[in-house]
Amino acid sequence: MNALTIDRPGSPQTLTLADAPLPQPGNLEVRVNIKAVSLNPADYKLIGGGHPAWTYPHIPGLDAAGIIDTVGQDVTQWKPGDRVAFHANLTKPGVFAEYAIASTLALALIPAAISFEEAASLPCSGLTAMHALEKLHLEPGKKLLILGGSGGVGSLAVQLARLAGLAVLATTSAVNLTYVKELGASHAIDYTTDDVAAEINTVTNGQGIDAIFDTVGHRANPDVFSWLPYSGQLVSIVDVPPLPKNYSSRSLSFHAYALGAVYTYGIVAQQAHFLGASMRNLLDLVDQGKVIPQVTKVINWTDIGLGLEELKEGHVTGKIVATL
């Protein structure tokens, strides 16, 4: 089969079109004929640093949608011809290929009205947004600031937060201020010119926000904890910021979320929940028109290296998807 491979850790530009062996599904696995994949920051980070479990040449790629081609032993709920989407195991060969292996724990059936491109755009970004928000346990009416509201995760987090009845503030660049408001943010903040702390104070009438969802990283916002009032919360999908000295006395809470680690550290029930079951819930929301996939650019899969370089430079709105 055709696949994009790397011979060693390096730049996305080192991805090479190669002839790779056709993978065979094992117990409780299926083989999927890939129709579309989406690009994630995790892709270029893993390509750059590698993984201890990888052997080379390696096929990268985490998010895909396609058609089941064949099933492995003990697979009873899935059959050839099923349209599915999934988030792949980052320790194993990935989805930047004509065929890939998926665990049945991670599979979700794609509703007929949803395209392969739309479905492929959802797993990493959508599930990360969904589960990071769950960690905050915010009740309707609470105020949430999303840092990076126009990115892959942020654009879905804004929609899911709005759907949960939260008052959403979001940071973005000037060109995307209207975009994040259309997604559901009640207030958009231009991080390049606005004083974020002052904007928070103005918008909330000095009451402050209840939580912050950081999709950008504390290096871009070193004062992020200072924006929280007493008993405020921060969830980050990027890195762990330094805790302020008064962290405990202010009763602050910090949460981290990393979707891919569920394959490494999660038990079977957790993999089934955080991947397959949650993906099915997300696709249901899309099918009902409550969440809109943010596919802003579609490329040919042989241009994935260029697409990842664009993503690496930052400031990509929504999701880049590649078709096979």
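Strand E8 (residues 143-147) and strand E11 (residues 211-214) pair in the parallel sense over four bridges; two strands count as paired if DSSP finds at least two bridges between them. Helices (H or I, at least four residues) and strands (E, at least two) are DSSP runs, numbered from the N terminus. This is a predicted model, in which local features need pLDDT of at least 70 and side-chain atom pairs count only at pLDDT 80 or more, while totals for chains, interfaces and linings use all residues. Residues are numbered from 1 along each chain as its sequence is written, and side-chain values use heavy atoms, with hydrogens and water left out.

**The parallel sheet**

- E8 and E11 belong to an open sheet of six strands, in the order E10-E9-E8-E11-E12-E13, with parallel pairing.
- The edges are strand E10 (187-190) and strand E13 (253-256); each has a single partner strand, so one side of each is left without a neighbour in the sheet.
- On average, neighbouring strands of this sheet are turned by 20° against each other, direction ignored. Axes here are lines fitted to C-alpha atoms, for helices over the stretch in contact, and angles run from 0 to 180 degrees between N-to-C directions.
- Helix H6 (residues 196-203) packs on the sheet and touches E8, strand E9 (167-172) and E10; contact means heavy atoms within 4.5 Å. The direction of H6 makes about 160° with that of E10.
- E8 is joined to E9 by five bridges, and the two run parallel.
- Leu145 stands opposite Ile212 in E11, and its bridge partner in E9 is Leu169.
- Five of the six residues of E9 are buried, so that strand is mostly covered. Buried means under 20% relative accessible area, exposed over 50%, and partly exposed in between (1.4 Å probe, protein chains only).

- Helix H3 (residues 123-136) has 14 residues, which at 1.5 Å a residue should span 20 Å; its end C-alpha atoms are 20 Å apart, which agrees. The expected span of a helix is 1.5 Å times one less than its number of residues.
- Twelve of the 14 residues of H3 are buried, so the helix is largely enclosed by the rest of the structure. Among them are Cys124, Met130, His131 and Leu136.
- His137 follows H3 and lies in the loop between H3 and E8. His137 has a positive phi of about 50° although it is not a glycine, and at 69% relative accessibility it counts as exposed.
- Helix H4 (residues 152-163) has twelve residues and reaches 17 Å from its first C-alpha to its last, close to the 16 Å expected at 1.5 Å a residue.
- H4 is mostly covered, with ten of its twelve residues buried, including Gly152, Val158 and Gln159.

**Packing of H1 on H9**

- Two packed helices are described by the angle between their axes and the distance between the axes.
- Helix H1 (residues 41-49) and helix H9 (residues 304-313) pack at an angle of about 105°, with their axes 9 Å apart.
- H1 and H9 are therefore roughly perpendicular to each other; angles of 65 to 115 degrees count as roughly perpendicular, under 35 as roughly parallel, over 145 as roughly antiparallel and the rest as oblique.
- Pro41, Asp43, Tyr44 and Ile47 of H1 make the contact with Leu308, Leu311 and Lys312 of H9.
- These contact residues divide into five nonpolar, no polar and two charged. Ala, Val, Leu, Ile, Met, Phe, Trp, Tyr, Cys and Pro count as nonpolar, Asp, Glu, Lys and Arg as charged, and the others, Gly among them, as polar.

**Loop residues**

- Phe225, in the loop between E11 and E12, is buried, with a relative accessible area of 5%.
- Not counting residues up to four places away in sequence, Phe225 touches Leu234, Pro241, Pro242, Leu243, Pro244, Tyr247, Arg250, Leu252 and Phe254.
- Ser249 is in the loop between strand E12 (233-236) and E13 and counts as exposed, at 56% relative accessibility.
- Tyr56 and Pro57 are joined by a cis peptide bond, with omega about 0°; Pro57 lies in the loop between H1 and strand E4 (63-71).
- Leu28 is not a glycine, yet has a positive phi of about 60°. Leu28 is partly exposed, with a relative accessible area of 39%.
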